Amino acid sequence: MKKILLLSAIIPIPTIAAFVWLFWKNKHQDLLKLSRMIINFQLNFLFLIFLGVLLIPYFIGIALIVAVVFFEIRYVIKSLKEKSINRIKLPYYFKFI
């Protein structure tokens, strides 16, 4: 389940992680923590992509979108290599949940 959640982090819209967070709150506390981290990660990257789209007329937006997608994939691959859920670190700037 951990790998499926982490692979869903590539899509910047909270889908699978939000489902786990809503319906499995009481059953698996480690998956709850991971799904919160993934939702915050996804929402932050969605915000950065939206900011990049707004900055496309200034030619900064294209570079920002490419960098955001590159770092998003890099962080997801790095976190997939971790064996323990407690060691996974996904960066986010704003904490939504």
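Colleague: Leaving aside its neighbours within four places in sequence, with which residues is Gln42 in contact?
Modeller: Gln42 belongs to helix H3; helices (H or I, at least four residues) and strands (E, at least two) are DSSP runs, numbered from the N terminus. Contact means heavy atoms within 4.5 Å. With neighbours within four places set aside, the partners of Gln42 are Ser8, Ala9, Ile11, Pro12, Ile13, Pro14, Thr15 and Ala17.

Colleague: Which pLDDT do local features need here?
Modeller: Residues are numbered from 1 along each chain as its sequence is written, and side-chain values use heavy atoms, with hydrogens and water left out. The model is a predicted one: totals for chains, interfaces and linings use all residues, side-chain atom pairs count only at pLDDT 80 or more, and local features need a pLDDT of at least 70.

Colleague: Does Gln42 count as buried or exposed?
Modeller: Buried means under 20% relative accessible area, exposed over 50%, and partly exposed in between (1.4 Å probe, protein chains only). Gln42 has 0% relative accessibility, and therefore counts as buried.

Colleague: How many helices does the protein have?
Modeller: From the N terminus on, the elements run α-α-α-α. There are zero strands, and the helices number four.

Colleague: Which residues is Leu6 in contact with, its neighbours within four places in sequence left aside?
Modeller: Leu6 is among the residues with the most contacts inside the largest core. Beyond those neighbours, Leu6 touches Leu34, Ile38, Val76, Ser79, Leu80, Ile88 and Leu90.

Colleague: How are the rings of Phe41 and Phe45 paired: stacked, tilted or edge-to-face?
Modeller: Rings of Phe, Tyr and Trp (its six-membered ring) pair if their centres lie within 6.5 Å; planes under 30 degrees apart count as stacked, over 60 as edge-to-face and the rest as tilted. Phe41 and Phe45 both lie in H3, four residues apart, about one turn of the helix. Their ring centres are 4.6 Å apart and their planes meet at 65 degrees, so the pair is edge-to-face.

Colleague: Over the face of which residue does Arg74 lie?
Modeller: A charge sits over a ring if NZ of Lys or CZ of Arg is within 6 Å of the ring centre and within 35 degrees of the ring normal. At 5.5 Å from the ring centre, Arg74 lies over the face of Tyr75.

Colleague: With its neighbours within four places in sequence left aside, which residues does Asn40 contact?
Modeller: Asn40 is in helix H3 and is buried, at 1% relative accessible area. Its partners beyond those neighbours are Tyr92, Phe94, Lys95, Phe96 and Ile97.

Colleague: And which residues is Ser35 in contact with, on those terms?
Modeller: Ser35 also has its place in H3, where it is buried with a relative accessible area of 0%. Leaving aside its neighbours within four places in sequence, Ser35 contacts Ala17, Val20 and Trp21.

Colleague: What is the phi of Phe59?
Modeller: Phe59 is placed in the loop between H3 and H4. Phe59 is exposed, with a relative accessible area of 70%. Although Phe59 is not a glycine, its phi is positive, at about 65 degrees.

Colleague: How far apart in space are Ile62 and Gly52, C-alpha to C-alpha?
Modeller: Ile62 lies in H4 and is partly exposed, with a relative accessible area of 48%. Ile62 and Gly52 are 10 residues apart in sequence, and their C-alpha separation is 6.6 Å.

Conventions:
Core = buried A, V, L, I, M, F, W, Y, C linked by side-chain atoms within 4.5 Å.
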